[in-house]
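Please look over the sequence and the structure shown here.

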Amino acid sequence: MEPASPVGLNSRRAVEIVAVLAVIAAIFIGGPRIYHNLPFFFITMVFLILSYGINLIYGMTGYLPFGYTVFYGLGAYGVYIGIRLGLGVLPSFLFSITITLALAIVMLPLFRLRSHYFAIATLAALMGVYDLIDSSVMAPWTGAGKGAALIGLYDPALTYGVTFVALVVFVLATAAIKYGRFGLALRAIKGNVTSAALDGVNVPLLRGLAWLISALMAAMAGAMYGWFVTFFYPDTVFSVALNVYVIAFTIFGGPGTLTGPLLGTLILNVIYQYVGVSAYSNYLPLVFGAILVALVLLIPNGVVNLINRKVRGLLP
């Protein structure tokens, strides 16, 4: 039997990764052939990418960004701004990623804060960027309250395919980080920043890198969302409520795990979709707020870790 080393890829972990990818392929390639509702599967993929992004920065380092969707919103609006500037389609997407990563770099000093102070500071950043995008000063490039339109880029089949490939890449990246020395260092940071630094971990560098990768995931999700729906408003993509949903997905499934974001998103997305189209849709943020509080109090480590306590090592 292979030793259970904290780092490295062994046969068991390889099988786990393949199994996760097989489930994703079955749902998002086979699913639309059975249930003909492409937007449903697309939005689920977007939620999954955001959940894996939250999983990286919160699940592996312990920093919970309540303003995480600032990267999602900037990802969507970055493409629109690039088009308005005449950059062309592909350069506009690259522009979107670039300005999002630039914002993530600017926000790096927030890591001097811990716990709820960090969460509140990221939330303030979200509201600040939202106000800027929605302001009359930026209206010539963002459309402000009139919304942003990418009608000329409409191609749902292509957008769906690119989003699927991005999801697979981000799942593989999560696995590589989790089972590598990078992930081991991040878990040390989550345990105790001071102890990790004393053990030789370059905390600012590795924590910052995790933050940038996480921001990249959100930016990609936002860019794909804008491309798919082709019309959106600032309050749609710079949404505090969306942030709550994605955090709930991640915590429910199991932060810091490979299968947690997948399991949490697939299960809670059913509630999201059901309540969202019902007569009680206005109560959706309240429902997920209550779910989030219950999760923190009852199963803070998520369903995956709860299952693994019963059946040791069942889920990665």
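## Overall build

The model is predicted. The protein holds 15 helices and two strands. Its radius of gyration is 19 Å, close to the 20 Å that the globule rule gives for 316 residues, so the protein is as compact as a globular protein of that length. Taken along the principal axes, a box of roughly 60 × 50 × 35 Å is filled by the C-alpha atoms.

Contacts can be sorted by how far apart the partners are in sequence. Among those between residues at least 6 apart, 78% join residues at least 24 apart.

## Surface and charges

Of the 316 residues, 50% count as buried. The accessible surface of the protein is about 14,300 Å², and carbon and sulfur atoms account for 70% of that area.

The protein carries 15 positive and 7 negative side chains. The centres of these two sets are 10 Å apart.

## Helix H7

Helix H7 covers residues 156-178. At 1.5 Å a residue, its 23 residues should span 33 Å, and its end C-alpha atoms lie 32 Å apart, which agrees.

Several residues of H7 are buried, among them Tyr160, Phe164, Leu167, Phe170, Val171 and Ile177. The buried residues of H7 also include Thr159, Thr163 and Thr174, as well as Lys178. The cover over the buried residues of H7 includes helix H1 (11-34) and helix H2 (38-59). Helix H8 (181-191) and helix H10 (203-229) are also part of that cover.

How values were computed
Residues are numbered from 1 along each chain as its sequence is written. This is a predicted model: local features need pLDDT of at least 70, side-chain atom pairs count only at pLDDT 80 or more; totals for chains, interfaces and linings use all residues. Side-chain values use heavy atoms; hydrogens and water are left out. Helices (H or I, at least four residues) and strands (E, at least two) are DSSP runs, numbered from the N terminus. The radius of gyration is taken over C-alpha atoms; the globule rule is 2.2 Å times the number of residues to the power 0.38. Buried means under 20% relative accessible area, exposed over 50%, partly exposed in between (1.4 Å probe, protein chains only). Contact means heavy atoms within 4.5 Å. Accessible areas come from the Shrake-Rupley method with a 1.4 Å probe; for residues, only the protein chains shown count as cover. Lys and Arg count as positive and Asp and Glu as negative; His and the chain ends are not counted. The place of a charge is taken as NZ of Lys, CZ of Arg, CG of Asp or CD of Glu. The expected span of a helix is 1.5 Å times one less than its number of residues.
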